[in-house]
Amino acid sequence: MENGLLVKTKEGSPQGGPLSPLLANIYLNEYDQEMAKRGVPVIRYADDIVVLAKSPRAAQRLLETTQKYLEGKLKLKMNVEKSKVVSVYSIRNFKFLGFALGKGKNGVYIRAHAKSLKKAKAKLKELTSRSQGRNVRAVMQKVKVYIRGWLGYFGIASMKTTMQRWDEWLRRRVRMYIWKQWKLPRTRVKNLMKLGMPQWQAYRNGNTRKGYWAAAGSGILTHTITNERLAQAGYYSILNRYESLHSCD
């Protein structure tokens, strides 16, 4: 949907907005019933379909049957380029609504697909870009809104270790942002002293030649702009939010 209007594809079918999945459900209801009669497990959201089979050969037969039914019976066009037989545990080849599946000693688990993680981290990097000139509290608020929304969708995935790494990385991004905003050595010296650093040490560190990222990961900022101070200023922990969503599991 663009500016509240439906967009037509070359084939003439409307795409985008809440109408698109609604129409898909209407068109594909007959397909769902047909697969149910045959006892074939199907996962579907709108026109994204996963058909489960016990072997590659059976999966290939189901792929051919599905194409024949959709195009022959329902007069719909199947995207043959995206439709293929893959293992649901293949992180590279299987992706459904941004998710993938994994299999470990405790059985099957849900994980966010690598592309979904990459896209989210790129967005966080954009939100904490040190060139935007906003107040750091405003930046952290925007990050909070994004994190809550993203985890509201992807929070069901098993990714605690990833969220822990992201938290460490994001805190360092925020510290780098603050260090850039302080800009002048005299401003850095003054602020380091306000945060409890002795004058001689503040003078030395405020005039450091370390780059922004290096300074953000060093004791210059981790011992002054502590995790506790970041939290008081409005930093929203990805890990804490993720763990809160799993506290009742």
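I started with helix α2 (residues 56-73): its 18 residues reach 25 Å from first C-alpha to last, close to the 26 Å expected at 1.5 Å a residue. That expected span is 1.5 Å times one less than the number of residues. Helices (H or I, at least four residues) and strands (E, at least two) are DSSP runs, numbered from the N terminus.

A note on the source: this is a predicted model, where local features need pLDDT of at least 70, side-chain atom pairs count only at pLDDT 80 or more, and totals for chains, interfaces and linings use all residues. Residues are numbered from 1 along each chain as its sequence is written, and side-chain values use heavy atoms, leaving out hydrogens and water.

Next I checked burial in α2: A58, A59, L62, T66, Y69 and L70 are the buried ones. Seen down the axis of α2, they fall within an arc of 95° (directions from the helix axis to the C-beta atoms), so they line one face of the helix. P56, R57 and K68 are exposed on the other side. Buried is under 20% relative accessible area, exposed over 50%, partly exposed in between (1.4 Å probe, protein chains only). Just after α2, I found K75 with a positive phi of about 60°.

The strands, residues 99-104 and 107-112, run antiparallel and are joined by 6 bridges; pairing takes at least two DSSP bridges. G104 stands opposite G107.

Last, I looked up R175, which sits in helix α5 (residues 160-182). Leaving out residues up to four places away in sequence, R175 touches A216, L221, T222, I225, T226, N227 and L230 (contact is heavy atoms within 4.5 Å).
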